[in-house]
Amino acid sequence: MTVGAILFGLLTGSVIGLTGGGGAIVAVPALVYGLGMPMAKAVPTSLIVVASSSIVGVLPRLRSKMVDWTTAGTIGVTGMLTAIVGARVHDMFPEKGLMIAFGVLMLVAAIRMFMPMPYIDPDTGAFTGRRFAKGIAVGAVVGFLTGLLGVGGGFLIVPALTILMRVPMHIAVGTSLAVVALNSIAGAIGYFDRLPAIDWPMAITYTVCAMTAALVAGQLGRKLPNNIVRYGFATLVVLLAGFVFFETFVLQS
């Protein structure tokens, strides 16, 4: 299990560092199917991993001023509140239903990544009331999904920032990492009663490897063409989604 935690941790951190999100899409299936962890423990463990890795991933971007803190605060604070709600209602849904929902979310993310990104003229003006309202809406939806399914939501936040809120792409990635960190911390707090039951040696091993990989991948990601990163990540997510559906509908039927 230690070797698996190291390998999956490196993979999760690499995804976070390269794409500005998406680490939980790798972490949850890895924890459930790769390391044999029940969903009830995999979700809070994933949130700890993603929160830590996102903090590490955002650090290099702070020095380059690649984080829009006004937007991150608006989305993040709203998301933190709904993340706690999502965490507390987690037990109202069967594990199989949650994994199906997770698989569908993975496919949505992959399709979005495969689609060509339209050119959006960045809005570098004032933080308007309309932009504030959009930030509240995005934060509420992404935060709830964070708490319910253990996803940081970076794959939803980046397109929302660039398309809906007209944040430049290089700022959107750093801002997304900041939001993911805030939402994941809040989601983990929502599972406070389950934290003592987590396999902490495994979780710490996974988290340290993910943080290391996120830091290295964040530096490497600046040198790789965006299309290579995007399409590679989308392909990985499709394969993982296929495995989730196969496991849920075939092996567990």
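Which residue forms a salt bridge with Asp91, and how many Å apart are the closest N and O atoms? The partner is Arg194, and the closest N and O atoms of the pair are 2.1 Å apart. Arg194 sits in the loop between α8 and α9, while Asp91 sits in the loop between α4 and α5 (95–114), so this pair ties together parts that are 103 residues apart in sequence. Please keep in mind, as you look around, that this is a predicted model.

## Two salt bridges

The structure holds two salt bridges. Besides the pair of Arg194 and Asp91, there is one between Asp193 and Arg88, with the closest N and O atoms 3.3 Å apart. Here Asp193 belongs to the loop between α8 (169–190) and α9 (200–221), and Arg88 belongs to helix α4 (residues 69–88), so the bridge ties together parts that are 105 residues apart in sequence.

| Residue | Relative accessible area | Class |
|---|---|---|
| Asp193 | 45% | partly exposed |
| Arg88 | 43% | partly exposed |
| Arg194 | 19% | buried |
| Asp91 | 55% | exposed |

Arg194 counts as buried because its relative accessibility is 19%, and the cut-off for buried is under 20%.

Now turn to helix α2, which spans residues 23–34 and is mostly covered, with 11 of its 12 residues buried. Among the buried ones are Gly23, Ala24, Ile25, Pro29 and Tyr33. After α2 comes Gly36, a residue with a positive phi, near 70°.

Where does α2 meet helix α3 (residues 39–63)? The axes of these two helices come within 9 Å and cross at roughly 140°. The crossing of α2 past α3 is right-handed. On the α2 side, the contact is made by Gly23, Ala24, Ala27, Val28, Leu31 and Val32, and on the α3 side by Met39, Ala42, Thr45, Ser46 and Val50. Sorted by class, this contact has eight nonpolar residues, three polar ones and no charged ones.

Leaving aside residues up to four places away in sequence, Met39 touches Val28, Val32, His90, Glu95, Leu98, Met99 and Leu149. For a sense of distance, Met39 and Ala213 are 174 residues apart in sequence, and their C-alpha atoms are 24 Å apart in space.

## Helices α4 and α6

Another helix pair to visit is α4 with α6 (residues 129–149). Their axes are 6 Å apart, and the two helices pack at an angle of about 35°. As with α2 and α3, the crossing of α4 past α6 is right-handed. From α4, the residues in contact include Thr71, Thr74, Ile75, Gly79 and Ala83, and from α6 they include Arg131, Phe132, Gly135, Gly139 and Phe144. By class, the residues of this contact divide into 10 nonpolar, 11 polar and one charged.

## Aromatic pairs

How many aromatic pairs are there? The count comes to three, and two of them are described here. One is formed by Tyr33 and Phe243, an edge-to-face pair at 5.2 Å centre to centre with 80° between the planes. Tyr33 lies in helix α2 and Phe243 in helix α10 (residues 226–251), so this pair ties together parts that are 210 residues apart in sequence. Tyr33 is one of the buried residues of α2, whereas Phe243 is partly exposed, with a relative accessible area of 37%.

Another pair joins Phe114 and Tyr231, which are stacked at 6.2 Å centre to centre with 20° between the planes. Phe114 lies in helix α5 and Tyr231 in helix α10, so the pair ties together parts that are 117 residues apart in sequence. Phe114 counts as partly exposed at 38% relative accessibility, and Tyr231 is partly exposed too, with a relative accessible area of 32%.

Conventions: Residues are numbered from 1 along each chain as its sequence is written. This is a predicted model: local features need pLDDT of at least 70, side-chain atom pairs count only at pLDDT 80 or more; totals for chains, interfaces and linings use all residues. Side-chain values use heavy atoms; hydrogens and water are left out. A salt bridge is a side-chain nitrogen of Lys or Arg within 4 Å of a carboxyl oxygen of Asp or Glu. Helices (H or I, at least four residues) and strands (E, at least two) are DSSP runs, numbered from the N terminus. Buried means under 20% relative accessible area, exposed over 50%, partly exposed in between (1.4 Å probe, protein chains only). Axes are lines fitted to C-alpha atoms, for helices over the stretch in contact, and angles run from 0 to 180 degrees between N-to-C directions. A crossing is left-handed if the near helix is turned anticlockwise from the far one by less than a right angle, and right-handed if clockwise. Contact means heavy atoms within 4.5 Å. Ala, Val, Leu, Ile, Met, Phe, Trp, Tyr, Cys and Pro count as nonpolar, Asp, Glu, Lys and Arg as charged, and the others, Gly among them, as polar. Rings of Phe, Tyr and Trp (its six-membered ring) pair if their centres lie within 6.5 Å; planes under 30 degrees apart count as stacked, over 60 as edge-to-face and the rest as tilted.
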